[in-house]
Amino acid sequence: MSTARAAKRLAQAAAFGGGGLGLIGATLYGVLTAEARYAARVIGPMKAHPAKGDGLYGRYPGRPITLAMIGDSSAAGYGTSSADETPGVLLACGLAELAQRPVRLVDVSKVGAKSTDLAPQIDTALLSGPHVAAILIGANDVKSQMPPSVSVRLLDHAVRRLRAANCEVVVGTCPDLGVVRPIMPPLRQVARSWSHRLAAAQTIAVVEAGGRSVSMGSLLSEVFRTDPRMFGPDRFHPSVTGYAAAAAALLPSVAAAMGVGTESFVQPEAFRGEAVLPIAEAAVQAARTAGTEVAATEVAGRERGPRGRWAQLRHRRRHPKADIERVDEEGSEELGPEAGKSMAGSPS
């Protein structure tokens, strides 16, 4: 079975409540989860929780954009020594620079979170009326032996809830577990294949639910494999450099979702490998290619073609790291979700 068909079947199983283990086989999934548990023992327990960076960033005029950071330790920035090094703060500062408006960060992510923890995190995030949310989730699902279809279905529900609240959503898909050094060959190769297929299924679900996906695994795999600085001391979680790379991958898509930045209205460029494809094909290509964004689009005024929903495959350009500038919220203007979108323009 092709990866595209396998990913599409997993996404369909998630939508209809199926088990989805046919994608990798129940036995193989059990072996992989056992290996993940072994890796967890090697890595050891969490020793410290990262500082939260909630607050207002960017000394710009106007009403703030509210950014919600949702997910697990990769969203929280486990292993960082200050809030300024966490993905949420890096995204908030980068978005403020591109939008030339202040950004309020609401970080509800939690170390050790699984997809089952998305619902309560979103309950909390929605209290602040976010305009855009970034989600990083999935790495802990395999350690808890969560069936892939369940993981995908929970992510689908999370994206739909946020979109129903007029919040744009960008999801960083499953990381490449094949780069985790405590996982030994040949299961490292199995983990890589499993990660790519799950990431493709997540992409299909996210785009069908109205969000955008960014392939984190393929972005980080080569860099993490060849540069030990990308890993923290436990050889599992990213280092400060690794978190900065992840934030840099997400930022262009977060900005595009809000309609800000130089690329927001640029059409796909074929010479850069960008294209409009059926969703399953776009999802598989994204899982294999560094930092690729996938988002829904139309062809001749139609959302769907003979092979399903149309999707844009984009390789958005990275932006220089913005200075960290936290500001006093006293006197700052409040803003509702609809006003946030109108001030930034329509998403691309």
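Buried residues are those under 20% relative accessible area, exposed ones over 50%, and partly exposed ones in between (1.4 Å probe, protein chains only). The model is predicted: local features need pLDDT of at least 70, side-chain atom pairs count only at pLDDT 80 or more, and totals for chains, interfaces and linings use all residues. Residues are numbered from 1 along each chain as its sequence is written, and side-chain values use heavy atoms, without hydrogens and water.

Next, select Leu91 and Leu95, which have the most contacts inside the largest nonpolar core, a set of 32 residues. Such a core consists of buried Ala, Val, Leu, Ile, Met, Phe, Trp, Tyr and Cys residues joined through side-chain atoms within 4.5 Å. Two or more of its residues come from each of strand S2 (65-71), helix H4 (87-99), strand S3 (103-107), strand S4 (132-136) and helix H10 (240-257).

Around Leu95, beyond neighbours within four places in sequence, display its contacts Ile65, Val103, Val132, Leu251, Val254, Ala255 and Val260; contact means heavy atoms within 4.5 Å.

Move to Thr66 in strand S2. Thr66 is buried, at a relative accessible area of 2%. Not counting residues up to four places away in sequence, Thr66 touches Arg104, Val106, Ser128, Gly129, Pro130, His131 and Val132.

Finally, select H5 and H7: Leu118, Ala119, Ile122, Asp123 and Leu126 in H5 meet Leu154, Leu155, Ala158, Arg161 and Leu162 in H7.

Methods:
Helices (H or I, at least four residues) and strands (E, at least two) are DSSP runs, numbered from the N terminus.
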